[in-house]
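Trainee: I'd like to learn how to read a model like this one. Could you walk me through a few features with me?

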Amino acid sequence: LGLGDVVATTPVLRLLTVVEAMAGFALFAGATSYVFSITRELGTAGTLALELASFRGSGDGQSKRKQFEGKGNEAIARWTEAWARSLFRMAQAYGQYPLLQFFRATDDDRALTVQLGWLLDLVSWETDAGGRADVGGPGSRRQTASGVSPLLRNSLLRYLTEVNRACIPARFDPLPAPSCAVSTPRLHSRLLRSPCYRPPSPP
C-alpha cells in the first residue's frame, strides 16, 4: 500500500501514490471477498448434501419411496421446494465462481453430486407406459411422489447442466446437441464418471 523508502516529490507522483494505495486496498478486499464467497457456497453445497444423505436412508428404491411418502405431502413439498432453491443457488454459483470446480468433498455424504442420485430417484419413480420424453429420456412416463415441488425437477436439470458445462471438458464423453435433449440422469452419470469431478474415496 505504500512506497517504502521512496518519497514522491511532485504533485503528479503524490497523486499516483494515493491511486496506487487505493488500488492495492481494493485488490486485497476483492480477493478476500471472493474467497469468503467461495467458502459460503461450499458450505451451502455441503449442508444440502448432508441433509439429502440424512433423508436417503437405506434399502431399495421402493422402501425409500414409502419412507419418504409417509412424511406427508405438506412436509414433502416444503423440503423439496427448499432443496430446489438451494440447487438454483448452486447453479448460479458455479457460473459466478469458476474456482468451485477445484474443491472436492471428503466423503460421499458431503458430496452433493453423489447425493443428487437420490433426488433423481425421487422425481423419477416411474412406470414404463410409453409416454412422453421426460427427465429419464424418451419412452417413459413419470409418476412423481405426491407433494414433490415441481421446481425440483427444473432445478436438478439447471444445476447439472451448469456443472457439466463449467467443470467437465467438452471432449470428455461429448454430449449430443442440442443440450436440452440431454436427460438429467445422463448429465448426472457424466459427472460421476468424470475424473476431474469425482469425489475422493474416504480413507
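Trainee: How many aromatic pairs does the count come to?

Mentor: Rings of Phe, Tyr and Trp (its six-membered ring) pair if their centres lie within 6.5 Å; planes under 30 degrees apart count as stacked, over 60 as edge-to-face and the rest as tilted. Here the count comes to three aromatic pairs. In one of them, the ring centres of Tyr 34 and Tyr 97 are 5.4 Å apart and the planes stand at 75°, so this pair is edge-to-face. Tyr 34 sits in helix H1 and Tyr 97 in the loop between helix H3 (73-96) and H4, so the pair ties together parts 63 residues apart in sequence. Helices (H or I, at least four residues) and strands (E, at least two) are DSSP runs, numbered from the N terminus.

Trainee: Which ground rules apply to these values?

Mentor: This is a predicted model, in which local features need pLDDT of at least 70 and side-chain atom pairs count only at pLDDT 80 or more, while totals for chains, interfaces and linings use all residues. Residues are numbered from 1 along each chain as its sequence is written, and side-chain values use heavy atoms, with hydrogens and water left out.

Trainee: At what angle do H4 and H6 cross?

Mentor: Axes are lines fitted to C-alpha atoms, for helices over the stretch in contact, and angles run from 0 to 180 degrees between N-to-C directions. Angles under 35 degrees count as roughly parallel, over 145 as roughly antiparallel, 65 to 115 as roughly perpendicular and the rest as oblique. The axes of H4 (residues 112-123) and H6 (residues 184-193) come within 10 Å and cross at roughly 160°, which means that H4 is roughly antiparallel to H6. Contact means heavy atoms within 4.5 Å; among the residues making it are Leu 116 and Leu 120 of H4 and His 188 and Leu 191 of H6.

Trainee: And how do H5 and H6 lie to each other?

Mentor: The axes of H5 (residues 150-167) and H6 come within 9 Å and cross at roughly 40°, so these helices are oblique to each other. Their contact includes Leu 160 of H5 and Leu 187 of H6.
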